[in-house]
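Please find below my note on this chain, written for someone who has not looked at it before. The points are numbered so that each can be checked against the structure.

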Amino acid sequence: MTPPKGRAGTGRAVPRGRTPGDGDRPAPATAPGRRPAGTGPGTSGTGRGPSTAARAVPPALAPARSRRPGGATVHPGAWWLWATSLGTAATRTTNPLLLALLIAASAYVVATHRSAAPWARSYTAFARLALAVLLIRLVFAVVLGSPIPGTHTLLTLPEIPLPHWAQGIRLGGEVTAEALVFAAYDGLKLATLLICVGAANALASPSRLLKSLPGALYETGVAVVALTFAPHLIADVQRLRAARRLRGRPDRGVRGLLQVGLPVLEGALERSVALAAAMEARGYGRAAEVPARVRRTTAALTLGGLLGVCAGTYGLLTAEGGGYGIPLLLAGVAAALAGLRLGGRRSLRTRYRPDRWDARAWLVTGSGVAVAALLTLASARAPEALHPGVVPLTAPSLPLWPAAAVLLALLPAFAVPREHS
């Protein structure tokens, strides 16, 4: 005689409405005409649908797979193209009013679309670097002199005589207003370029940008991943200095630097070892076999494309090469893209949730490219407006349609919505 089916080892039968794991707990009482909890349709007790607990999860607590922090819905490459286009526009003018507009436009977009990640705080560091570059340029103009002649002498420094082999260089002498203004225009142009690069660093996630690189740049992108540790080092230094201040210990000077530097170095080494182990476990560095003909074609297209890009860029930056600059640049970009496409065949990897180049990315990129193209056209049509003279010394004026072209850089701030995490 076989015992009734029940929990293993007990020999007791399991009543209807109870499961083998219930033990001695009584079955829940139900009202007449109602099914017991967990046995009705649409519940996990019958297998016909999701469980009641799963249905009870509020939508706000459910994992949002498509939501990313502010500005992250745009492809990171689009932010870099937007920022480099603004930097290209900055190289086409020395008008301080237009350069100030470019700085203001990039700062406003960064303020409205950057996230709270550590790498998003790099814009302030680039702004400080730009200010330092401007001050250094002015100091060089004062100490080393300037080839710009001037009649408005501000001060006269004692001049130090130099040997004959250092002709053309002087230390000290007269400092004119024209020389200082020329140095300020030149330094402001370089400072604007640095601020545009800082905007790209603040808006584009480095990890997502690394993931979006083409397969031909796979190994190079993996090497660049070490740069993402810089924000973590800054955060570690700030955290350790705050901890030492709370304990009443010095956080400045040589002693404080040594006490803070060693834990920061230890944390950086631990992250490096963890990253190396994670990359090894995920198969980084593996490559597929491709025919030799494909490898040679890839190398020729990539190298030729890069040379074409360099020659085209040089032609755009010089007045004599304006005719051949754009065709060479376009041909070089096309050849380089074809080479990268072929080179991606040797990369064995997949992308988890790849970033899509959608209409927002085209909008961001197009606004920056439009600013660069219009200012390049303005520098050819009206060079005196984009390059104000310093001899004789005159106040710069704001050209209307180039200024309106710069305002196109603000389009991402209004057309691309910011999503909150």
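**Notes on the chain**

1. Glu178 has contacts with Ile148, Pro149, Gly150, Thr151, His152, Val390, Val391 and Leu393, leaving aside residues up to four places away in sequence. Glu178 belongs to helix H5. Its relative accessible area is 2%, so Glu178 is buried. Please bear in mind that the model is a predicted one.

2. One of the residues touched by Glu178 is Val391, and Val391 is joined to Pro392 by a cis peptide bond. The omega angle there is about -5°. Most peptide bonds are trans. Pro392 sits in the loop that runs between helix H13 (383-386) and helix H14 (400-406).

3. For the overall picture, the chain has 15 helices and 2 strands. Of its 421 residues, 30% are buried. Taking contacts between residues at least 6 apart in sequence, 73% join residues at least 24 apart.

4. How many salt bridges does a search of the whole structure find? The search finds 1. Asp186 and Arg137 form a salt bridge, with 3.4 Å between the closest N and O atoms. This pair links distant parts of the chain, as Asp186 is in helix H5 (residues 177-203) and Arg137 is in helix H4, 49 residues apart. Asp186 has a relative accessibility of 30% and therefore counts as partly exposed. Arg137 is partly exposed too, with a relative accessible area of 25%.

5. Helix H4 also matters for reading the surface. A nonpolar surface patch of about 690 Å² is made by Ile136, Val139, Phe140, Val143, Leu144, Ile160, Leu162 and Ile169. Helix H4 (residues 122-144) gives the most to this patch, with 5 residues. Another member of the patch, Ile160, is found in strand S1 (residues 153-160). With 47% relative accessibility, Ile160 counts as partly exposed.

6. Strand S1 also holds Glu159. Is Glu159 buried or exposed? The relative accessible area of Glu159 is 53%, so this residue is exposed. Beyond residues up to four places away in sequence, Glu159 touches Arg170, Leu171, Gly172 and Gly173. Glu159 and Glu174 are 15 residues apart along the chain, and their C-alpha atoms are separated by 8.5 Å.

7. Thr94 lies in the loop between helix H2 (76-90) and helix H3 (96-113). With a relative accessibility of 14%, Thr94 counts as buried, because the limit for buried is under 20%. Which residues does Thr94 touch, not counting those up to four places away in sequence? They are Leu99, Tyr185, Lys189, Leu386, His387 and Pro388. With His387, the side chain of Thr94 also makes a polar contact of 3.4 Å.

8. Leu329 is in helix H11 (residues 322-343). At a relative accessible area of 22%, Leu329 is partly exposed. Its contacts, apart from residues up to four places away in sequence, are Gly308, Val309, Gly312, Thr313 and Leu316. Leu329 and Gly305 are 24 residues apart in sequence, while the distance between their C-alpha atoms is 8.6 Å.

9. A last point concerns cysteines. A disulfide is a covalent bond between the sulfur atoms of two cysteines. How many disulfides does a search of the whole structure find? The search finds 0. Cys196 is buried, with 2% relative accessible area. Cys310, in contrast, counts as exposed, since its relative accessibility is 53%.

Technical notes: Residues are numbered from 1 along each chain as its sequence is written. This is a predicted model: local features need pLDDT of at least 70, side-chain atom pairs count only at pLDDT 80 or more; totals for chains, interfaces and linings use all residues. Side-chain values use heavy atoms; hydrogens and water are left out. Helices (H or I, at least four residues) and strands (E, at least two) are DSSP runs, numbered from the N terminus. Buried means under 20% relative accessible area, exposed over 50%, partly exposed in between (1.4 Å probe, protein chains only). A polar contact is a pair of N or O atoms within 3.5 Å; within protein, one must be able to donate a hydrogen and the other to accept it, and residues adjacent in sequence count only if both atoms are side-chain atoms. Contact means heavy atoms within 4.5 Å. A disulfide is a pair of cysteine sulfur atoms within 2.5 Å. Patches are made of residues with over 30% relative accessible area and no salt bridge: like charges are joined within 9 Å, nonpolar side chains (Val, Leu, Ile, Met, Phe, Trp, Tyr) within 5 Å. Accessible areas come from the Shrake-Rupley method with a 1.4 Å probe; for residues, only the protein chains shown count as cover. A salt bridge is a side-chain nitrogen of Lys or Arg within 4 Å of a carboxyl oxygen of Asp or Glu.
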